[in-house]
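Trainee: Please walk me through this structure. I want to learn how to read its features.

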Amino acid sequence: MADSLYASCAEVLSVCQANRDNLEFLLHPEEGFAPKLRQICTQQLLELQEEVIAGNLSPNELEVLKMESDTWALLQALMSLRKTTPPEYPHPRDLLVANPYTPPATLANSIMHSSPLLSALVVVREWLHDSAPLPLTPGASNGYWRFTRNTVLQGKRTGRLPAGLVTELDPDAVNRDGEDGKGLTPDDAAYDKAVLQALYAHIRAGQLEDAVDLCRKANQPWRAASIRGALLFQWGAIANEPRDEDAMYDDDSENFQQWRGNVRRRMWKTVCQRAALNPSLPPSERALYAALAPTPSTSAALKSHCRTWEDHLWALVSVACEERLSAGLANIERECFWEGGLGALESGVAAGPEGQPRGGGEEDEWEEEVMQTLDALSNVQVTEGAPADHPYHVSQLHIILNRTDVLLETFASNLQEGLYLSAPEYPAMTRFFAHLCLFLQMIDLPVSPLATQIILEAYLQVLENAGQRELIAMYAGALGDNAVERYALFLTSLELSGDAHARRLALTRAREHGLDVERVSVVTAERTIEKAFTILPPAKGPLPSIIGLEPAPTDAEWLLVRSIEWTTFVESTYDTALEQANVILRYLLDVAPELGSLRDPEEEATEYMQYRQFFGVWETFARVVECEALDQPQMNKETRAAWLSDYKGLIEQATEDTVKLLTTDWLMTDPEANSGDRRRRDLARIRQIYVPELILRLHSILVNSRGRIPENVKHALSLVNIVADSRYRLYDDFSNQDGRRLGDYLGAVRQAVLAGLEGGGSDPFRVLTV
């Protein structure tokens, strides 16, 4: 499930990045970035429901996914509002100058569009309506207070009314007789309570018409009428609202010609406030009326019914919107017929818009108060759901307050401090914030480069831990200047897990997502070599012994050798591959090389060819030993002749190749060349290790084969002249260590001279002339 979620998010990101210059596409209500990610979260929620039921998944994981889905919905709603140019709406007073009969609903719409903050709060309130939990139905009604009515009628027939039961059945009976402890039957009281709770839930979800329908089904039409009082008065036939030129309107439709809404809404609001503050009413009914007419005076009754953080946010936003709307209508009361009566036609319109203040100071004070009130939500206590300091609630509040830059910087700082690493929702949060950074970048909102880097680095680690290797390049490409280094670190972490084809494919992905493949391959090879060197033992101290069989290569040695693969896929990195190959070979030949000092490619090529020359000689020595081991006493004459021919040919080849290596300045640098003292010392150490060994090994092969090839003694003694020749200075490569002393070689020469006397005679130099 999680794997498909990562891939789906990456697919959406890829499509949107390809259209990053098209703001309309990015903010499309269905195909845009945020709606697509919300759809992914919603689909994932549906798929995981069964897992929760089966007990394979905790409900907390579903809650986190739901909060992420809601946050993307909030982003879509607010970013579309903030990043697009809204249509121009005339000021309410301008509408009234043109038409003093402009309905309050049209004026309210104009008031909303004149305030960016109010427009944003209305959008937030609609978002809270959409994300609210579904209301629970109270069940079917059997009539208006059926059980209470039947009990009262039965009591009147018998002349004995039950104690504690109302005697009348009008809607106010419970409130009127409540002081005497009278009420409904338990069944009717429970049903009334369920209805009130369902009505409140409908209002909380913005479902006013559904609440009205529920009242009618519950046989409470009077309550339906009181709820419909929340609607502002509207009459399309006399409203001079701005219209979209592309939209189609039917001026003859019933909705256009008939008025709807509450003409006396201000009076209705006053009654709602009194009901919300009436202590004799049940708390659920007080909360219902406080939700219908939210004001600072009724906020206590409303907040007492809030359980979740979203409920508290909805209560504050509802109060703020209603207060700003009421203040706006109050400012134009004397100019509007529906608010000020006929007096508005005589005094308000005559004064004109120039004579009336536009309320700029009030707007500033209201905005400051709203921002302070919303800020306080960061510490509100909740009884259900996630707390106020949950990362998604913190995110939602910062998005509403238009502080996304602060949000990302804070989250990045907390990531650096390791505050979220142990949280079970860490992968989901990191995924959300990584995509939030990229979304804000695509729609040109300010994002801290450092915060983006920290968050994307964390998400890349999440992808690596989840095994989503094919997605790394896409997100690493968003790191800007650090993209190459980060993707190279990921490729380095693969170590030996992939073959050459997999490595080539990884570089191909880098190219697809805009990364410099040459830089990626070079940096990856360098980091791999550095990683291998931290594992491998340092090559220092006395010269090592090379007698005997070498052990099988370790994983670290294989990692070092295979690091060169990264620079062999692109021709432009062959020079770097050559340098790195020489570095690797120096280490394997037991020196501590230095990486990153690229010199003249011709000099690198020369050194590399000399290593190949050395390994060719070394391989020939091994073939001589293998051929010698094939000698068997029971071989017939023809087989022995063939074997001797091969054996002699291999020895001749070994002699020729070794002499050529020794006489061609193998790994010797020009003192005047700009090669660096470090490289000169490295190459000198290699010569001290292997030149004496080559000389001694060739001498041994020649002398030991004299029984089958007598002339090889002569060749062994001829080698002495090459060693002693001052042009080659091979004697300088001998050291004072056992097995590499010049005296050891001279002792071997003495034994060769004695071997030359085995054929008779007393002249030690006779063997050179035979």
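Trainee: Is Pro133 buried or exposed?

Mentor: Start with the scale. Buried means under 20% relative accessible area, exposed over 50%, and partly exposed in between, with a 1.4 Å probe and protein chains only as cover. Pro133 has 61% relative accessibility, so Pro133 counts as exposed. This is a predicted model: local features need pLDDT of at least 70, side-chain atom pairs count only at pLDDT 80 or more, and totals for chains, interfaces and linings use all residues. Residues are numbered from 1 along each chain as its sequence is written, and side-chain values use heavy atoms, with hydrogens and water left out.

Trainee: Where is Pro133 found?

Mentor: Pro133 is in the loop between α7 (116-130) and α8 (146-158). Helices (H or I, at least four residues) and strands (E, at least two) are DSSP runs, numbered from the N terminus. Now look along the chain and across space. Pro133 and Ala201 are 68 residues apart in sequence, yet 8.0 Å apart in space, C-alpha to C-alpha.

Trainee: How many helices and strands are there in the chain?

Mentor: The chain has 36 helices and 2 strands. Of its 770 residues, 46% are buried.

Trainee: What is Thr308 in contact with, leaving aside its neighbours within four places in sequence?

Mentor: Contact means heavy atoms within 4.5 Å. With those neighbours set aside, Thr308 is in contact with Val382 and Glu384. Thr308 lies in the loop between α16 (299-303) and α17 (309-331). Its relative accessibility is 18%, so Thr308 counts as buried.

Trainee: Which residues of α26 are buried?

Mentor: They are Ala483, Val484, Arg486, Tyr487, Ala488, Phe490, Leu491 and Thr492. That is 8 of the 11 residues of helix α26 (residues 483-493), so the helix is largely enclosed by the rest of the structure. The buried residues of α26 pack against α24, α25 (472-476), α27 (500-512) and α28 (517-535).

Trainee: How do I read phi?

Mentor: Most residues other than glycine have a negative phi. Look for exceptions. Just after α26, Glu495 takes a positive phi of about 50 degrees. Asp444 has a positive phi near 60 degrees and is not glycine. Leu667 is not a glycine either, and its phi is positive, about 55 degrees.

Trainee: Where are Asp444 and Leu667?

Mentor: Asp444 sits in the loop between α23 (426-442) and α24 (449-465). At 63% relative accessibility, Asp444 is exposed. Leu667 is in the loop between α32 (637-662) and α33 (677-704). With a relative accessible area of 3%, Leu667 is buried.

Trainee: Which residues make the nonpolar surface patch of about 320 Å²?

Mentor: First, the rules. Patches are made of residues with over 30% relative accessible area and no salt bridge; like charges are joined within 9 Å, and nonpolar side chains (Val, Leu, Ile, Met, Phe, Trp, Tyr) within 5 Å. A salt bridge is a side-chain nitrogen of Lys or Arg within 4 Å of a carboxyl oxygen of Asp or Glu. Accessible areas come from the Shrake-Rupley method with a 1.4 Å probe; for residues, only the protein chains shown count as cover. Here Leu496, Trp558, Val561 and Leu588 make the patch. Leu588 is in helix α30 (residues 574-588). Its relative accessible area is 39%, so Leu588 is partly exposed.
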